[in-house]
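These notes are meant for a colleague who is opening the model for the first time. Please keep the sequence and the structure side by side while reading the points below.

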Amino acid sequence: MMKLPLTIFCALTGPVLFGAVVEVTAFGAKGDGKADDLAAVSKAVEALKPGDTLRFPSGIYFLTGDVSLKTDRITVDGGGTLLFDHKPVKNRAMNKIDVTGKSITIRNLTITSNATSRSAVHGLI
């Protein structure tokens, strides 16, 4: 009987290798484009540790305030859309993603607002 070598292929991909996947929907985000998802997204962001992935599944996440990404070495991913509310109000700061952490990857997301002339992102180069 001939002996053949057994080859096992293992594939490690994405955040499983480096950290946890933190789903915004697990913190109560609806992603329906109508409900304010800011509190749920903020709780999910607070739960992040270096190496984790913040995941926005498909949907439209309506945000009425800033999302501050301060944790180093995180990934923000998913198929969702972040829709920031930018109603014109005198002396009101515009809502945005504020990136101050180091080595942050943002991919597979649409980031937009209902503003006519302002950006929804601050701190990205």
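1. R107 is partly exposed, with a relative accessible area of 35%; on this scale buried means under 20% relative accessible area, exposed means over 50%, and partly exposed lies in between, with a 1.4 Å probe and protein chains only. R107 forms a salt bridge with D77, and the closest N and O atoms of the two are 3.1 Å apart; the term stands for a side-chain nitrogen of Lys or Arg within 4 Å of a carboxyl oxygen of Asp or Glu. The pair links distant parts of the chain, 30 residues apart, with R107 in the loop between strand 9 (105–106) and strand 10 (110–113) and D77 in strand 6 (residues 75–78). D77 has 15% relative accessibility and counts as buried.

2. Residues are numbered from 1 along each chain as its sequence is written, and side-chain values use heavy atoms, with hydrogens and water left out.

3. Confidence deserves a careful look, pLDDT being the predictor's confidence in each residue, from 0 to 100. The mean pLDDT of the protein is 81, and 71% of its residues reach 70 or more. Over residues 3–17, however, pLDDT stays under 50, and the model has three contacts beyond four places in sequence for this stretch, a contact meaning heavy atoms within 4.5 Å. Where pLDDT is low, the predicted coordinates should not be read in detail.

4. How many salt bridges does a search of the whole structure find? The search finds two, and besides the pair of R107 and D77 there is one in which the side chains of R55 and E23 meet, at 3.3 Å from N to O. Because R55 lies in strand 3 (residues 53–56) and E23 in strand 1 (residues 21–23), this pair ties together parts that are 32 residues apart in sequence. R55 is partly exposed at 32% relative accessibility, and E23 is also partly exposed, with a relative accessible area of 25%. Helices (H or I, at least four residues) and strands (E, at least two) are DSSP runs, numbered from the N terminus.

5. The sheet gives these pairs their setting: four strands form an open sheet in the order 1-3-6-9, with parallel pairing, where two strands pair if DSSP finds at least two bridges between them. Strand 1 and strand 9 are the edge strands, each of which pairs on one side only. Strand 1 and strand 3 pair in the parallel sense over three bridges, and E23 stands opposite R55 in strand 3. Strand 3 and strand 6 pair in the parallel sense over four bridges, and here T53 stands opposite T75 in strand 6.

6. At 15% relative accessibility T75 counts as buried, and, leaving aside its neighbours within four places in sequence, T75 is in contact with D52, T53, L54, T105 and R107.

7. Which residues of helix 2 (residues 38–46) are buried? They are L38, A40, V41, A44 and V45, and seen down the axis of helix 2 they fall within an arc of 165°, so they line one face of the helix; the arc is that of the directions from the helix axis to the C-beta atoms. These buried residues pack against strand 1, strand 2 (32–36), strand 3, strand 4 (60–63) and strand 5 (67–69). The face turned away from the buried side of helix 2 carries the exposed residues A39 and E46.

8. Phi of S103 is near 55°, a positive value in a residue other than glycine; S103 is found in the loop between strand 8 (97–99) and strand 9, and at 57% relative accessibility counts as exposed. Phi of N108 is near 60°, likewise a positive value in a residue other than glycine; N108 has its place in the loop between strand 9 and strand 10, and at 54% relative accessibility counts as exposed.

Conventions:
This is a predicted model: local features need pLDDT of at least 70, side-chain atom pairs count only at pLDDT 80 or more; totals for chains, interfaces and linings use all residues.
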